[in-house]
Amino acid sequence: MRKRLVEGIRIKGVRDQRVLDAIAKVPRHLFMDSSFIQFAYKDQAFPIGAGQTISQPFTVAFQTQLLDVQPNEKVLEVGTGSGYQAAVLLEMGATVFTIERQRELFLKVQQLLPEIGYHPKFFYGDGYKGLPTYGPFDKIIITAGAPVVPEELLQQLRIGGVLVAPIGPSEKQTMCKVTRKSEEEYEKEKHGTFVFVPMLKGTVN
């Protein structure tokens with residue numbers, strides 16, 4: 001089932017073999033309630049509780065390909081969610097710092113990921129603020145739709161670093177890749193439209 005999923009993602013345009021290999025290795029069914037196991041390897045998003053979803057595998061692969069993660073890079077993930085995206089990044093050899101605003105999801109994933117062999121650095125907090133004391137980061141990935149690219153996150157990107165995020169109103173967003181060229185200069189590319197749950201400020205207990 002996982003092989004079929006990977007083949008479908010390849011056909012849709014994800015060509016980075018390292019991304020496809022990571023998707024092939026991550027046991028997505030372990031991130032979902034056991035009663036929904038039959039949906040685990042379909043290329044679709046699925047609710048995971050707390051008003052959040054586990055992203056469509058193609059979307060995870062597409063964002064990861066744009067990020068161009070290299071082994072040992074420091075990656076900040078904003079929106080841990082189910083933990084699936086973090087697992088894919090870890091499979092690619094990244095050092096992952098992941099932040100989640102929903103305490104319910106944060107506690108759940110903090111237990112789940114180490115149990116199945118994945119060890120990111122977990123943080124409960126406001127993704128808009130990022131993790132300034134742990135930066136700068138080589139790469140930043142936002143897994144929720146933000147109205148604009150948060151300035152505080154751009155400041156936590158090293159020069160030469162890349163941020164990938166869906167940006168725009170709540171109905172649909174444009175996938176943006178932002179490369180930091182200098183202290184003040186950023187280059188922005190647009191890569192199609194997507195629909196994500198909204199990126200919200202603050203935390204939820």
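## Helix crossing

Helix α1 passes helix α2 in a right-handed crossing in this predicted model. The axes of α1 (residues 2-11) and α2 (residues 17-25) come within 9 Å and cross at roughly 150 degrees. Because angles over 145 degrees count as roughly antiparallel, α1 is roughly antiparallel to α2.

On the α1 side, the contact is made by R2, L5, V6, I9 and R10. On the α2 side, Q17, L20, I23, A24 and K25 take part.

## Aromatic pairs

A pair of aromatic rings is described by the distance of the centres and the angle of the planes. The count for this model is 10 aromatic pairs. One of them joins F97 and F123: the ring centres are 6.3 Å apart and the planes stand at 15 degrees, so the pair is stacked, given that planes under 30 degrees apart count as stacked.

Elsewhere, ring pairs link F58, F62, F194 and F196 into a cluster.

## Charges over rings

F97 also has a lysine over its face: K121 lies at 5.6 Å from the ring centre. A second case involves K74 and F137, where the charged end of K74 sits over the ring, 5.3 Å from its centre.

## Backbone features

Most residues other than glycine have a negative phi, and most peptide bonds are trans. The peptide bond from G135 to P136 is cis, with omega near 0 degrees. P136 lies in the loop between β5 and β6 (137-142).

Positive phi values occur at D68 and N72, and neither residue is glycine. For D68, phi is near 50 degrees; for N72, phi is near 70 degrees. D68 is found in the loop between α3 (57-67) and β3 (74-78), and N72 lies in the loop between α3 and β3 too. Their accessibility classes are as follows: D68 counts as partly exposed at 37% relative accessibility, whereas N72, at 65%, counts as exposed, because exposed means over 50%.

Notes. Residues numbered from 1 in each chain as written. Predicted model: local features only at pLDDT ≥ 70, side-chain atom pairs only at ≥ 80, totals over all residues. Heavy atoms only, no water. Phe/Tyr/Trp six-rings, centres within 6.5 Å; stacked < 30°, edge-to-face > 60°. Lys NZ or Arg CZ within 6 Å of the ring centre and 35° of its normal. Axes fitted to C-alpha atoms, helices over the stretch in contact; angles between N-to-C directions. Helix = DSSP H or I, 4+ residues; strand = E, 2+ residues; numbered from the N terminus. Parallel < 35°, antiparallel > 145°, perpendicular 65-115°, else oblique. Left-handed = near helix turned anticlockwise from the far one by under 90°. Contact = heavy atoms within 4.5 Å. Buried < 20%, exposed > 50% of the residue type's maximum accessible area, 1.4 Å probe, protein only.
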